[in-house]
Amino acid sequence: MGRIIAITNQKGGVGKTTTCVNLAASLAANRKRVLLIDLDPQGNATVGSGLDRREVSPTAYEVLAEQASVAEAVHGVAGAGFDVLPANGDLTAAEVELLEADRREQRLSRQLRGVADRYDYILIDCPPSLNILTLNALVAAHGVLIPIQCEYFALEGLTALLDTVRGVQAAANPNLAIDGLLRTMYDARNNLANQVGEQLAAHFEAQLYRTMIPRNVRLAEAPSHGLPALAYDRASRGALAYMALATEMERRHRSGQAATAASA
Ligand code: ADP
Ligand code: MG
């Protein structure tokens, strides 16, 4: 069964969507079978993967409303090399409708059961909020990937996010792991970025990815062409950094599996 990873941070603009699209492309380039799930009504990961968010149907909304299966809503994206479960503004309706629903945090988890073994990795792009959509992602996931922009308020909110993860572990998903913290838009010439980076290393040593994603204009340009950076400019620093992240992530998961097998 594929590893399901929720890419989450309730702060907006920290690089969740950029990480989701480019990590998906990098894992696919390493011949992994990847599904990207857009769980943000803004639909930025949908657009960044090359789909038209006004035209796609069914979407994540129909999946959460149990009007469509994941298999019915998945779109293959030839240029990107991975599958996409798209989202658009319709998803805001799910936020409201789910508040009334039975076992409302478990919709995505239940819907993914049928397809999880078709993929090596399922990456979920979360909205910038700890709302019912994010809870659905955390209940469905094996691991959480937290992109962090190393600036003054970066660590603010991390406590609330980690509390939410612990709450989900206690209530619904005891095996949910923190897969890793990722430094995004990193500028090594910036003293503050270095200080925050060091604080993260001190607090989260094992969970902090060694790979840092640099600030790189190609990563910001690629979505307007509906492409991951790897397809837009494969030699760019941004594309190479996400390739390095994919390699580091796969190595971690392999050694994690080895550790579990050894202790079994
Ligand atoms: P989030 O999904 O957390 O809101 P995004 O991935 O959409 O964040 O990133 C916010 C903005 O920053 C976008 O315009 C994106 O293109 C840009 N961006 C993200 N990562 C980088 C990077 N490493 N270098 C340059 N621009 C980036
Ligand atoms: Mg986003």
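Is arginine 103 buried or exposed, and how many other C-beta atoms lie within 10 Å? The views below come from a predicted model, and the first one takes up this residue.

View 1. Arginine 103 is exposed, with 11 other C-beta atoms within 10 Å. The cut-off for exposed is 12 or fewer, so a count of 11 qualifies. Arginine 103 sits in the loop between helix H5 (91-98) and helix H6 (107-112). Its phi is positive, about 45°, although arginine 103 is not a glycine. Most residues other than glycine have a negative phi.

**View 2. Glutamine 106, in the loop between H5 and H6.** Glutamine 106 counts as partly exposed, with 16 C-beta neighbours inside 10 Å. Valine 56 is 50 residues away from glutamine 106 along the chain. The C-alpha atoms of these two residues are separated by 24 Å.

**View 3. The cis peptide bond between serine 57 and proline 58.** Omega is about -10° at this bond. Proline 58 lies in the loop that runs between helix H2 (44-48) and helix H3 (60-64). Most peptide bonds are trans.

**View 4. Glutamate 66, a non-glycine residue with positive phi.** The phi of glutamate 66 is about 60°. Its loop lies between H3 and helix H4 (70-73). Glutamate 66 is exposed: 11 other C-beta atoms lie within 10 Å.

**View 5. The shell around ligand 1.** This shell holds 18 residues. Gly15, Lys16, Thr17, Thr18 and Ala220 come nearest to the ligand. By class, 7 residues of the shell are nonpolar, 9 are polar and 2 are charged. Three elements each supply at least two residues: helix H1 (16-29), strand E7 (177-186) and helix H10 (217-221). H1 gives the most, with 3 residues.

**View 6. Leucine 123 in the largest nonpolar core.** The core has 83 residues. Ala24, Leu36, Leu123 and Ile124 touch the most other members. Which residues does leucine 123 contact, leaving aside its neighbours within four places in sequence? They are Ile5, Ile7, Cys20, Leu23, Ala24, Val34 and Leu36. In soluble globular proteins, nonpolar side chains tend to be buried together.

Terms used
Residues numbered from 1 in each chain as written. Chains lettered and ligands numbered in written order. Predicted model: local features only at pLDDT ≥ 70, side-chain atom pairs only at ≥ 80, totals over all residues. Near = placed C-beta within 6 Å. Helix = DSSP H or I, 4+ residues; strand = E, 2+ residues; numbered from the N terminus. Nonpolar A, V, L, I, M, F, W, Y, C, P; charged D, E, K, R; others polar. Buried ≥ 20, exposed ≤ 12 C-beta atoms within 10 Å, placed from the backbone. Core = buried A, V, L, I, M, F, W, Y, C linked by C-beta atoms within 7 Å. Contact = placed C-beta atoms within 7 Å.
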